[in-house]
Amino acid sequence: GVAVIASNSWAALKARDLLDIEWDDGSNADYDSDSYKQVLLQAVRQPGSVLRQQGDVGQALEAAEQTLEAEYYAPHLAHASMEPPAAVASVTADFCEVWAPTQNPQSLIPMVEAATGLTKEQVKINVTLLGGAFGRKSKCDFAEEAVVLSKMTGAPVLVQWSREDDIRHDYFHSVSAQQLAASIGPDGAVTGWRHRLAYPSIMSTFDPAVKAPVAFEAGLGALNVPYDIENLTIEAGEAEPKVRIGWLRSVCNIFQSFGVNSFSDEIAHARGLDPKDNLLELLGPDRSLDFTDVGLEATENYPFQTGRLRSVIELVADKAGWGRSVPEGHGLGIAAQYSFHSYVAAIVEVAVDADGNWTVPRVDLAIDCGQYVNPDRVRSQQEGAVVFGLSLARDSEITARNGRIVQGNFNNYRVLRIGMTPETRIHLVDSSAPPAGVGEPGVPPIAPAVANALFAATGKRFRELPLGRKLDLENA
C-alpha cells in the first residue's frame, strides 16, 4: 500500500489525489459480478456436498403429486457504518498505545506484537465509540495501518479512511445463490425439502482453500431449518472467494432466511393455504431441536424450541391484523426466523402503484429474546433492524467489474432514508428464558416478508435482492 503523511487530514487527502499509482490487481483482476452470479447459480443446479440428510428427498420428489422449485440470489453487502474507520497509534521503543473504534480489541494485541516486536505487557488498547459497526470493526486492518505507520515515522499517527475507502475495501457480506425444491403429496402435505447453497465462506478470509459454506454458516437459517418434513436434505456447492468475506449484522441468516421464508410462501400458495397457517403447519408439533449431529454447537441452556417460534408468529399475526382488508395495490407478507437464540416474526405491508414504485407503510415485528432488562433497548434494536433489513431488501448491493468494486458512497450504495421509514410496531414477549440476542435477530425476516408482501400485492414473485425502488412488473 501507499500512505501519505501530513500535518492534517485535508492536506493528506489532497496529496493522495495527486498520486499516480500503477496498481497490481492480483489474481482476481477479472472479477465480474454478472459472470460470477452465473457461476453460483450453476453450482446450485447440481448436487453438492450433503450437510444434512433425512429420509430420501430424491424419491419424494420423483413420487410427488406436485413439485416446486425456485432459485434465489443475493449480492455482496457493505457495512456502510456512519463513521468510516479511523484509528490513532503511538509507537515508541518500549510501548504502543492505540485508540480505535474496535469490536475486537483483543485481536489488536497480537497484531501489535507482530508489527512492533513489543510484548503484550507493552501494549494498551483504548476502545472508542464505534459510530456504528455491524461487524466491520471486528476486523481492525485500519488500526494495524496506524501502528505500522507510527513505527515507521516515530510519531503518533491518525489513520482516517474515506467513505470510498470503507465501501470499496470492506470485509464484504457474502454473495449467495440458493435453489430450493419441495414435493407435495396427494393430500397436500409437504413430503420433501431440498435446499442447495453456494456462497464464498467467511472462513476463506482466514484460509483461501475453503471454497464452500462451513457448518456454522449453513446453520444460520438453512442447516437448522425447523420444519417437520420427513424427507429433507441441505447441500452446499463450491464458490471461489474473490474478495474478503466478513461478518455483517445477522450474517448468513440474511440470505438463507430470504430463501427459506420466500420459498415457504411459494409452498403456501401452491397448497392453497394462508401463508401464516402454512408456516405453522410446516413447524409441526412443539418440540426442542438438536443439530449437534450435523456439526452445530450444543445449545445447552438455549434449545431451539419450535413452540416459541410458533408463539411469535401468532403474536405478530394478531398485532398486525393478519388477514385484514388492505387498499388496492397493498399486500401483507409474513416471515419468521430463529437466530442468535431469539425468535422473531415480522409482517410487512407494502404499497405498489401501477408503475411498480413501492413503499412500506407499516412493519410489525414480534421478538422472544428470553428475559430482558431494558425493553426500550430491545425495541430500539428491532426498529434499527427493520431499517437495516429494508435497506438491504430495497437498495443495498456491492458489485465488481474488472476486479474492482463499483460502489463507493451513498450515491450508489444506498441505504434507507428517514422519509422511507415505515410505521414500525415492536411487540415483546415476556419470558423467563435465559437472555438471548437482540442486535441481530430482527434483520433476517424483513427481506422475505417484503418479497412475500409484494407477491400478495402484485401476483409476481421477486427472488433476487435488492428488489430495487421500482419493480419490473412485466418481466417478474
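1. The expected span of a helix is 1.5 Å times one less than its number of residues. The structure discussed in this note is a predicted model. Helix 4, which covers residues 105–116, has 12 residues. From its first C-alpha to its last, helix 4 reaches 17 Å, close to the 16 Å expected at 1.5 Å a residue.

2. The burial pattern of helix 4 deserves attention. Leu108, Met111, Val112 and Thr116 are buried in this helix. Seen down the axis of helix 4, these buried residues fall within an arc of 105°, so they line one face of the helix. The face turned away from the buried side carries Gln106 and Ala114, both of which are exposed.

3. What do the buried residues of helix 4 pack against? Their partners are strand 3 (86–91), strand 4 (96–100), strand 5 (123–127) and helix 5 (141–153). Just after helix 4 comes Gly117, which takes a positive phi of about 85°.

4. Are Phe340 and His341 buried or partly exposed? Phe340 has a relative accessible area of 28% and is partly exposed. His341, with a relative accessible area of 29%, is partly exposed. Buried means under 20% relative accessible area and exposed means over 50%, so the value of 28% places Phe340 in between.

5. A further backbone feature concerns a proline. Leu465 and Pro466 are joined by a cis peptide bond, with omega at about -5°. Pro466 lies in the segment after helix 12 (446–458).

6. Leu197 is placed in strand 8, which spans residues 190–198. Its relative accessible area is 0%, and Leu197 is buried. Which residues does Leu197 touch, not counting residues up to four places away in sequence? The contacts are Val44, Ala177, Gln178, Ala218, Ala222, Ile234, Glu235, Ala236, Gly237 and Gln256. For one of these, Glu235, the C-alpha atom is separated from that of Leu197 by 6.2 Å, although the two residues are 38 residues apart along the chain.

7. Arg194 forms a salt bridge with Glu69, and the closest N and O atoms are 3.8 Å apart. Arg194 lies in strand 8 and Glu69 in strand 2 (residues 66–74), so the pair ties together parts that are 125 residues apart in sequence. With 13% relative accessibility Arg194 counts as buried, whereas Glu69, at 53%, counts as exposed.

8. The side chains of Arg463 and Glu266 meet at 2.8 Å, N to O. This pair links distant parts of the chain, since Arg463 is in the segment after helix 12 and Glu266 is in helix 8 (residues 253–271), 197 residues apart. Arg463 counts as partly exposed at 31% relative accessibility, while Glu266 is buried, with a relative accessible area of 13%.

9. Glu423 and Arg425 form another salt bridge through their side chains, at 2.5 Å from N to O. Glu423 is partly exposed, with a relative accessible area of 41%. Arg425 is partly exposed too, its relative accessible area being 33%.

10. The last point concerns the surface. Which residues make the nonpolar surface patch of about 370 Å²? The patch is made by Val2, Leu19, Ile21 and Trp23. Ile21 lies in the loop between helix 1 (9–18) and helix 2 (33–44). Ile21 is partly exposed, with a relative accessible area of 33%.

Key: Residues numbered from 1 in each chain as written. Predicted model: local features only at pLDDT ≥ 70, side-chain atom pairs only at ≥ 80, totals over all residues. Heavy atoms only, no water. Helix = DSSP H or I, 4+ residues; strand = E, 2+ residues; numbered from the N terminus. Buried < 20%, exposed > 50% of the residue type's maximum accessible area, 1.4 Å probe, protein only. Arc of directions from axis to C-beta. Contact = heavy atoms within 4.5 Å. Patch = residues over 30% accessible without salt bridge, like charges linked within 9 Å, V, L, I, M, F, W, Y side chains within 5 Å. Areas by Shrake-Rupley, 256 points an atom, 1.4 Å probe, with all protein chains shown as cover. Salt bridge = Lys/Arg side-chain N within 4 Å of Asp/Glu carboxyl O.
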